[in-house]
Amino acid sequence: WRVLGEVVGGNQGDNWYVHLARSLKPRPVPMSKGPRVESVCWDRDGADEVSTGEFLVGTSTGTMCKALIADGKDRYWKVVYSLQDSAQPICGIEYELFPPSGRHVIEGIRKYFVMAATPTRYYEFIGGPTYDALFEQYSAAPNFVELPGDLDYTELEFFRKGSGRATSFVWLTGPGIYSGSLSFGSQNAGDSVTFDYKLIPYSTKGGNSGGYQVPVGLVSSEFHWIALFEDRVQAVNRLTQQTVWEHAFTQQQVYGDMIGMCRDAGTGKCWIYSGFLVNEVLVTAEDQNIWRCYLSMGKYDTALLYCQTLEQRERVLTAQADHYYQEGQWELAATIYAKTHRSFEEVTLGFITLGEKGALKRYLSDKLDNIRGTDRTQLTM
């Protein structure tokens with residue numbers, strides 16, 4: 001999917017729309033006059049070169065609107081929900097569709113999951129088949145997760161691989177990076193789609209006071225979070241929560257003040273924009289060491305999926321076999337050892353010493369299946 005427009009929020013009650021394919025000249029959006037636009041969630045299915053499709057907008061007064069712009073003109077701009085118990089701005093909105101099931105498949109009914117974030121809270125909304133019907137269910141305040149902080153901005157982003165369904169989210173908060181996974185099943189209004197959530201504190205590096213810095217921008221790739229600070233950009237491994245790459249901005253006169261980051265959901269490209277420049281962050285071969293991360297976590301089958309060489313595969317299989325051996329799962333260990341280059345004599349003597357004839361038989365049987373016909377010595381043994 002591809003969105004060809006951009007909404008720009010102003011501080012004087014006016015907002016503008018830019019149609020990137022036709023003209024870079026901003027056009028006012030009269031129907032939006034009032035609160036400043038803080039966030040936009042574009043329609044991934046209904047947008048084309050003429051129309052934006054129906055999209056959601058978060059404002060500086062804590063309201064959410066649905067809107068549609070076609071031929072450069074706003075067709076409608078309607079408030080669909082207001083966070084009555086929060087005067088904070090809605091700085092991030094994302095949506096995803098539930099996989100169709102039952103009568104929804106036959107009738108083509110949509111069921112939405114919408115997540116909206118302020119600097120200290122995120123809210124979950126579930127329903128459909130339209131945005132109006134979804135938000136009408138929430139006459140009372142929806143469930144929310146709250147973290148302390150004094151930020152006046154935030155970032156919220158879903159990660160989806162290609163055109164697939166979103167699988168995780170990341171939220172920029174005062175205390176740290178808050179992330180979690182998404183699971184779409186039979187949930188309804190009042191339920192949660194998020195699970196396996198965690199808070200990763202920011203690095204203490206940088207800053208004049210010696211304390212931690214809060215990013216001014218945050219985006220997610222498949223295996224990393226990319227955080228933009230005032231003086232640097234860094235990549236944090238999502239599996240280990242360790243910083244694996246960092247680039248410092250040492251020439252402020254060249255870059256200017258760092259403003260934010262964005263990720264093109266269509267191409268996956270990440271962009272940094274500052275007072276003077278727009279820079280692309282190139283993300284290449286980010287999965288090359290992921291096998292090692294899963295190996296350290298003891299997730300051997302997943303680690304095997306990301307092995308790129310025979311040497312890497314050998315390390316994972318050997319570690320997996322050793323794990324089962326130490327756990328006393330002898331026959332399972334024997335099956336894995338038969339796939340490795342671990343010394344034939346070492347493995348067989350180990351099982352003989354233990355008196356594990358069943359495991360020894362399993363190892364010999366599986367090893368014979370894996371030995372090439374030219375390895376006469378091992379075949380004879």
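Reader: Why is Asp71 called partly exposed?

Author: Asp71 has a relative accessible area of 38%. Buried means under 20%, exposed means over 50%, and partly exposed lies in between, with a 1.4 Å probe and protein chains only; Asp71 is therefore partly exposed. This is a predicted model, in which local features need pLDDT of at least 70 and side-chain atom pairs count only at pLDDT 80 or more, while totals for chains, interfaces and linings use all residues. Residues are numbered from 1 along each chain as its sequence is written, and side-chain values use heavy atoms, with hydrogens and water left out.

Reader: What makes the bond between Gly128 and Pro129 a cis peptide bond?

Author: Omega is about 5° for the cis peptide bond that joins Gly128 and Pro129. Most peptide bonds are trans. Pro129 is placed in the loop between S10 and H2.

Reader: How do you know that Lys78 and Asp132 form a salt bridge?

Author: The closest N and O atoms of Lys78 and Asp132 are 2.9 Å apart. A salt bridge requires a side-chain nitrogen of Lys or Arg within 4 Å of a carboxyl oxygen of Asp or Glu, so this pair qualifies. The two residues are 54 residues apart, with Lys78 in strand S7 and Asp132 in helix H2. Both also belong to a network of salt bridges with Glu54 and Lys66. By this rule, the count comes to 16 salt bridges.

Reader: Why are Arg160 and Glu96 called buried?

Author: Arg160 has a relative accessible area of 7% and therefore counts as buried. Glu96, at 3%, is buried as well. Their salt bridge has its closest N and O atoms 3.0 Å apart. It links the loop between S12 and S13, which holds Arg160, to strand S8, which holds Glu96, 64 residues apart.

Reader: What makes a set of residues a nonpolar core, and which residues have the most contacts inside the largest one?

Author: A nonpolar core is a set of buried Ala, Val, Leu, Ile, Met, Phe, Trp, Tyr and Cys residues joined through side-chain atoms within 4.5 Å. The largest has 35 residues, and Met64, Phe113, Val114, Phe125 and Phe135 have the most contacts inside it. Strand S9 (112-117) is among the elements that each supply at least two residues of this core. S9 gives the most, with six residues.

Reader: Why is His323 called partly exposed?

Author: The relative accessible area of His323 is 29%, so His323 is partly exposed. His323 lies in helix H6 (residues 310-326). His323 and Ala333 are ten residues apart in sequence and 7.7 Å apart in space, C-alpha to C-alpha.

Conventions
Helix = DSSP H or I, 4+ residues; strand = E, 2+ residues; numbered from the N terminus.
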